[in-house]
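Hi,

Here is the structure I promised to pass on.

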Amino acid sequence: MASHVIDYLILGNNFSTSEMRAIWSEQNRLEKQVAVEVALAKAQGELGVIPCDAADAIVAKADASKLSIEQIAKQAAKAKHSLMSTINALQDQVGDAGQFIHYGATTQDIVDTATVLQLKQSFAIIERDTKLVACELKKLAKQYQYLPMVGRTHGMQALPTTFGFKLAVWLDEFVRHLQRLSEIKQRVLVGNISGAICTYAAMGELGVQVEARTLTLLDLNTPNIGWQAARDRFSEYASVIGLISGTLGKMGNEFYNLMRTEINEVEEPFSDGKIGSTTMPHKRNPAALEGLASLTAPLLKSVALIHESMKVEHERDAMSWRAEWIALPEINLYLSSQLQTALAVLQGLKVNAERMLTNLTLQNGLLLSEKVMFEIGKRLGKQTAHRLVYQSAMQAFEQNKTFKAVLLADPILNKEFTEDELDSWLEPVNYVGLAPEKVEQVIRYADQSGVLV
């Protein structure tokens, strides 16, 4: 019976994906640990550290799929050790050759390197899905490059912008996230087979060669020096995962607000039979967007926990190490859900262009006060124009009048423009600045960056 929301049959897919759960399952963890032990034995056999026939037997007979996790767990509880029972089970499985399993290695060699193998699988999924989200953002940014909408600061209407501009800001973030993933890959996907305190003492003069060959067999990079006490690799990875999640959470929250009944500029995908409320039949709640936004907070807490593992006592301890066993799976699981949710939202997003246009006129022209101020400022000076336009804006707001009517009634201001000029200044679509051009620039950069290929 599941005891964590990630593994709940009913709720689990709100917090992770089945694909990512399979990677961080106990079975896959065992398989990766066995894979490391087998690669180590094969490398040692090739280099003459252990007998070749023993290495061949280990390679041929070791099979994690035939090991009983339940039985290993019972022995682990008795031994009070995280790996010894696995080694014993492997020894029983391969027979006499089992005497040469785990030769010269220490527990953390196997567990860390196996974790990196799991991380490599996760990395591929996250890189794939981050790219898919970026491609969808690129498509939508281009589609809505010229669609005007209200830009908001401090939660209030500020100036006109375009929906494509908003999406392009996120696209640019995702291009950087993909660049970061590419930059850290070689540093993160590194194994470690160097013995009890990373000095290769138990392996002798061939220790460095054993490590290099083992990691080559596992398709992992080889470190300059053992990193059992240097946890920056996982922390760097976690930092990038946190940045990706932060952007996704922001996107979810932004769409959540734009979906509010009173704003109604976008709506998440709706499918037949989707229920918003058990008691209010009319509700079309932003359930996917809430899920997308909600996972950033727990993910960032897990990122912080991984950063705590940077503090290691002497050459190695288990206090920080064990925290990674909790937090590293969580950040990958949560992000997998966020990426898949974001992808589904973007692919099925309903954009209410008509409402966006309506909301541009919600303040009866006040949205264009900056435009009016700068045009009049060309004739009266910016500060004088700000004071006069401010007075008109406050009067229009407090007396619920149109901004145009108040401006026309001002004896000083109405000498500085014609009504036709004022109408042009108060037209929102005329004051989106270089938003469309910047969208084009971001898309061009994304294409040239090579990360979307």
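This is a predicted model: local features need pLDDT of at least 70, side-chain atom pairs count only at pLDDT 80 or more; totals for chains, interfaces and linings use all residues.

A question to start with: is Asn-364 buried, partly exposed or exposed? Asn-364 has a relative accessible area of 36%, so it counts as partly exposed.

On confidence, the protein chain averages a pLDDT of 93, and 99% of the residues score at least 70. Among the elements, helix H7 (residues 163-188) has the highest mean pLDDT, at 98, while helix H4 (residues 69-79) has the lowest, at 84.

Now the overall picture. The protein chain has 18 helices and 4 strands. Its C-alpha trace spans about 100 × 50 × 40 Å along the principal axes. The radius of gyration is 30 Å, whereas a compact globule of 453 residues would come out near 22 Å. Buried residues account for 48% of the 453. Of the contacts between residues at least 6 apart in sequence, 75% join residues at least 24 apart. The accessible surface is about 22100 Å², and carbon and sulfur atoms own 54% of that.

Back to the backbone of Asn-364. This residue is not a glycine, yet its phi is positive, at about 55°. Asn-364 sits in the loop between helix H13 (353-360) and H14. There is another asparagine like this: Asn-400, also not a glycine, has a positive phi of about 55°. Asn-400 belongs to the loop between H15 and H16. How accessible is Asn-400? Its relative accessibility is 65%, so Asn-400 counts as exposed.

Helix H14 itself is worth a look. H14 covers residues 369-380, which makes 12 residues. From first C-alpha to last, the helix reaches 15 Å, close to the 16 Å expected at 1.5 Å a residue. Which residues of H14 are buried? They are Lys-371, Val-372, Met-373, Glu-375, Ile-376 and Gly-377, so a lysine and a glutamate are on that list along with Val-372, Met-373 and Ile-376. As for what they pack against, the partners are helix H15 (382-398), helix H16 (403-409) and helix H17 (419-425). Just after H14 ends, Gly-381 takes a positive phi of about 100°.

Strand S1 (residues 148-153) pairs with strand S2 (residues 156-162) in the antiparallel sense, over 6 bridges.

Is Ser-245 buried or exposed? Its relative accessible area is 0%, so Ser-245 is buried. And what does Ser-245 touch, leaving out residues up to four places away in sequence? The contacts are Leu-295, Thr-296, Leu-299, Leu-335 and Gln-338.

That is what I have so far.

Cheers

Methods: Residues are numbered from 1 along each chain as its sequence is written. Side-chain values use heavy atoms; hydrogens and water are left out. Buried means under 20% relative accessible area, exposed over 50%, partly exposed in between (1.4 Å probe, protein chains only). Contact means heavy atoms within 4.5 Å. Two strands pair if DSSP finds at least two bridges between them. Helices (H or I, at least four residues) and strands (E, at least two) are DSSP runs, numbered from the N terminus. The expected span of a helix is 1.5 Å times one less than its number of residues. pLDDT is the predictor's confidence in each residue, from 0 to 100. The radius of gyration is taken over C-alpha atoms; the globule rule is 2.2 Å times the number of residues to the power 0.38. Accessible areas come from the Shrake-Rupley method with a 1.4 Å probe; for residues, only the protein chains shown count as cover.
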